[in-house]
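Have a look around, and then read on.

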Amino acid sequence: MLTATIFSSLIVFLIAFVLLQKGSLILTTKPLSELLFSSSWYPWRGEFGFYPFIVGTFWVTALAMILAIPVCLLSAIYLAEYASKSVREIMKPLVDLLAGIPSVVYGLWGVLAIVPLIRDYLAPLAGAATTGYSVLAGGMVLAIMVFPIIISVSEEVFRAVPYEVREASLALGATRWQTVKHVVTRKALPGVVAAVILGFSRAFGETMAVLMVVGNVPKAPSSVFDPAYPLPALIANSYGEMMSIPLYDSALLLAALILLLVVFSFSVAARVILMRIERGLR
Amino acid sequence: MLGSTFIVVGSLLAVIAVVILRGVPALSLSMLTQTPKGGYYLGKEGGILNAIVGSLYLAGGATALAFVISLPIALYLEEYAGKSRLASFTRLSLDVLWGVPSIVYGAFGFTIMLYLGIRASLMGGIITVALFVLPLMVRAMDEVLRMVPSELREASYALGSNKLETVFKIMVKQALPGILTAVLLAFGRGIGDAASVLFTAGYSDYIPNSFFDPAATLPLAILFQLGTPFPEVQMRAYASAVILMILVLSLSIASRFLTKRLTKYVVGVRT
């Protein structure tokens, strides 16, 4: 039992170690700064510039968060503060279902619904021409995919705010909305930040759904209607060909390591915040 | 606020509705009962039985493997390690692991398989997916084990049973519904993930005969069929998505139902 426990707690470090070992090969030939900030991606010439992919990842993820945060926080507030018990009991399984849908299905839905929507309605409205396979499509699909995690974590955080705090505010004559706005959200802020960080790291590493709708053009996007090529999609698409070109596999594993490190630091931060809140409650 | 809640519910319904509306017309019995025949990806006849069976094998194997590792870990965390530093470190580490993107597991699994000289196979996929669902399973079991009332534990000790007996005869029995839910959740997550099996399980038009054969999986079947330029084949991708979605959603609903049903027979836990 002890062995299994220690093994499980070390898996994440094992993954990092293996990726670092393979990924460091390319670092001996090229400085890290060149890999991160060069935009020339010509693996067959030995040029591995991750810049367009990193920028693409951030565009898609940031857009998803911008779309998801207001919706998620407002629904979490509604569910935690206003909704009756029966509404909550209906919503919880629905949110769970949303979390259970496989990413490929989201991707397919994006191809069938979101891509045509952007191509035929949203882009002409903004005066842009696009195939629909764009940062915006990736962001919209991702936003829906992070709904469940942000909603469920932040709802729990709101509900963890002690009832006395609310009563004190109401007793001072504040309305319900004022109480929510000035008291509950302030008290819940660290937890909400943690929920958002968790959503961010989920979106950051999502591969298949994004790959299917984002266009996969290795060029830094300049508008939301441009296609992009996020890092996870790069890894997934290039695995077939990587064995034939020297250093290609090393570059891709370095990309995986970058993903891992970003997600790692984000989730550690979020979990530490959440653990503090939990400890404060006891 | 009510509006944003509607957006959430609306997007769920939109996803399900669009996939079903587009997929069901293309669904046929031969898709469920045949493996791809020659020229299947050009629009000729055949089905995706290879992917359905492959996915079930893969997720089943991975869930079983993860279960064998998870249960001792969860029991250890709850019963032996208590609030020790190791326990909280393991919990944090598993939570972080839970957030690691599946593509990273895929890359990791592939690298390890290269070291060991295993080709893309059912085995490689099972190991990778088992690692991928492990954190979810341990943490879910950990939560339900924590709910077991301590009086039960004390009663068991008072009757003279030792720690191991208490853990397996009392704790596990009490937490059974929750453990079952954890298993179903992990199965659903394992069957739906594409990025981790992309390099580790490979793809094949045949149903795998041994652990060392490559195995097709439903998510990849959807991806590959969608990637062809033929509308007939793309239609089959929609139909495959319906199959996958129904499988996953019914698992999710079944686990909810089972939990409710089984908790009735458990002492002292209110739902």
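What share of the 282 residues in chain A is buried? Buried residues make up 50% of chain A. A residue counts as buried if 20 or more other C-beta atoms lie within 10 Å of its own, as exposed if 12 or fewer do, and as partly exposed in between, with C-beta atoms placed from the backbone.

## Before you start

This is a predicted model, in which local features need pLDDT of at least 70 and side-chain atom pairs count only at pLDDT 80 or more, while totals for chains, interfaces and linings use all residues. Residues are numbered from 1 along each chain as its sequence is written, and chains are lettered from A and ligands numbered from 1 in the order in which they are written.

Where pLDDT is low, the predicted coordinates should not be read in detail.

## Chain A

Chain A has eleven helices and two strands. Helices (H or I, at least four residues) and strands (E, at least two) are DSSP runs, numbered from the N terminus. Starting at the N terminus, the order of elements in chain A is α-α-β-β-α-α-α-α-α-α-α-α-α. The C-alpha trace of chain A spans about 70 × 60 × 30 Å along its principal axes. Of the contacts in chain A with a separation of 6 or more, 76% join residues 24 or more positions apart; two residues are in contact if their C-beta atoms, placed from the backbone, lie within 7 Å.

Now zoom in on A:Asn216, which sits in the loop between helix H9 (208-213) and H10 of chain A. Its phi is near 55°, a positive value in a residue other than glycine. A:Asn216 counts as partly exposed because it has 18 C-beta neighbours inside 10 Å.

## The nonpolar core

The largest nonpolar core has 185 residues. Such a core is a set of buried Ala, Val, Leu, Ile, Met, Phe, Trp, Tyr and Cys residues joined through C-beta atoms within 7 Å. Which members touch the most other members? They are A:Leu108, A:Val213, A:Ala255 and A:Ala256.

Take A:Val213 from that group. Leaving out residues up to four places away in sequence, A:Val213 touches several residues, including A:Gly107, A:Val111, A:Ile114, A:Tyr133 and A:Val141.

## Chain B

Chain B comes to ten helices and zero strands, so to speak a plain run of α-α-α-α-α-α-α-α-α-α along the sequence. Its C-alpha atoms fill a box of roughly 70 × 55 × 35 Å, taken along the principal axes. Buried residues make up 49% of the 271 residues in chain B, and residues 24 or more positions apart account for 75% of the contacts with a separation of 6 or more.

Helix H3 (residues 49-80) and helix H8 (residues 163-192) of chain B pack at an angle of about 140°, with their axes 9 Å apart. Axes are lines fitted to C-alpha atoms, for helices over the stretch in contact, and angles run from 0 to 180 degrees between N-to-C directions. Among the residues making this contact are B:Ala59, B:Ala62 and B:Phe67 of H3(B), and B:Met171, B:Ala186 and B:Phe187 of H8(B). The contact residues divide into eleven nonpolar, three polar and one charged. Here Ala, Val, Leu, Ile, Met, Phe, Trp, Tyr, Cys and Pro count as nonpolar, Asp, Glu, Lys and Arg as charged, and the others, Gly among them, as polar.

## Where the chains meet

How many residues of chain A are in contact with chain B? The answer is 60 residues of chain A, which contact 63 residues of chain B. On the chain A side, H1(A) supplies the largest share, eleven residues. The residues on that side divide into 45 nonpolar, ten polar and five charged.

B:Ser93, in helix H4 (residues 85-99) of chain B, has partners across the way: leaving aside its neighbours within four places in sequence, B:Ser93 is in contact with A:Ser9 and A:Val12. B:Ser93 counts as partly exposed because it has 19 C-beta neighbours inside 10 Å.
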